[in-house]
Amino acid sequence: MNRLAPSLLAADFSKLYEQVAMIEKGGAHYIHFDVMDGHFVPNISFGAAVMKSLLGKTKLPFDVHLMIENPDQYLEDYATENTEFITVHAEACIHLHRTIEHIKSLGIRPGVSLNPATPVSVLDAIIEDLDMVLIMSVNPGFGGQKFIPSSLKKIRELKDLKEKRNPKLEIEVDGGITTENIKTVTDAGVGIVVAGSTVFGAPDIEKRVKELLEQIK
Ligand code: DX5
Ligand code: ZN
């Protein structure tokens, strides 16, 4: 089943709880937390404290996207009872295999994210160790950017690798997803779609979640 993970980066931070309630009512499957440190990406978003403020307020599992340097230092902070995935960037990890093992040791499903310029082949040695691969379809750091078309080729390549070597692998795409292109990415092999501005920029958030889900069911 294809799933939707709205990105909180695009939400109205002054009413986070209400906006999360709207995506939950609309049927979203995860909350995507875009953690940014201003070093790995040229923007600072929020930390674990903001994410933890939602514990007990939502049943939605947390899909944590760490766009930070030295993620190993912070993994414990994001390993909460709601956290399903923690995704680190291949480009930010010197010892990526060790980081993946560290995430697993916390009882969390490990994901690796690839920036638009990073080829799928960098995962060759670890593809069997992963629960998820997150294909960045924009350059990380900001919501509201345009989908990078070359991402489709990477999604198809990853789907191939998944079928050959890790059939349970989740493929997630992140950045520039709209009502116009969401079906294109799921048809190419994506199982979890991240959407920020398309969801939280809509006049009716709950309705937009439903519209997006309708297209990928
Ligand atoms: C970008 C983030 C994305 C972004 C998605 O660095 O990883 O999750 O917030 O936002 P939209 O859907 O607006 O491109
Ligand atoms: Zn993200």
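A polar contact is a pair of N or O atoms within 3.5 Å; within protein, one atom must be able to donate a hydrogen and the other to accept it, and residues adjacent in sequence count only if both atoms are side-chain atoms. This is a predicted model, in which local features need pLDDT of at least 70 and side-chain atom pairs count only at pLDDT 80 or more, while totals for chains, interfaces and linings use all residues. Residues are numbered from 1 along each chain as its sequence is written, and side-chain values use heavy atoms, with hydrogens and water left out.

**View 1. Polar contacts of ligand 1 with G141, G196 and H65.** A polar backbone atom of G141 is 2.7 Å from an oxygen atom of ligand 1, and a backbone N or O atom of G196 likewise lies 2.7 Å from an oxygen atom of the ligand. From H65, a polar side-chain atom lies 3.3 Å from an oxygen atom of ligand 1. The protein buries 99% of the 380 Å² that ligand 1 exposes when taken alone (accessible areas by the Shrake-Rupley method with a 1.4 Å probe).

**View 2. The shell of residues around ligand 1.** Ligand 1 is surrounded by 20 residues, the closest being D34, G141, D174, G196 and S197 (a residue is near if one of its heavy atoms lies within 4 Å).

**View 3. A salt bridge between E206 and K25.** The two side chains meet at 3.6 Å, N to O (a salt bridge is a side-chain nitrogen of Lys or Arg within 4 Å of a carboxyl oxygen of Asp or Glu). A search of the whole structure finds 15 salt bridges.

Technical notes
Chains are lettered from A and ligands numbered from 1 in the order in which they are written.
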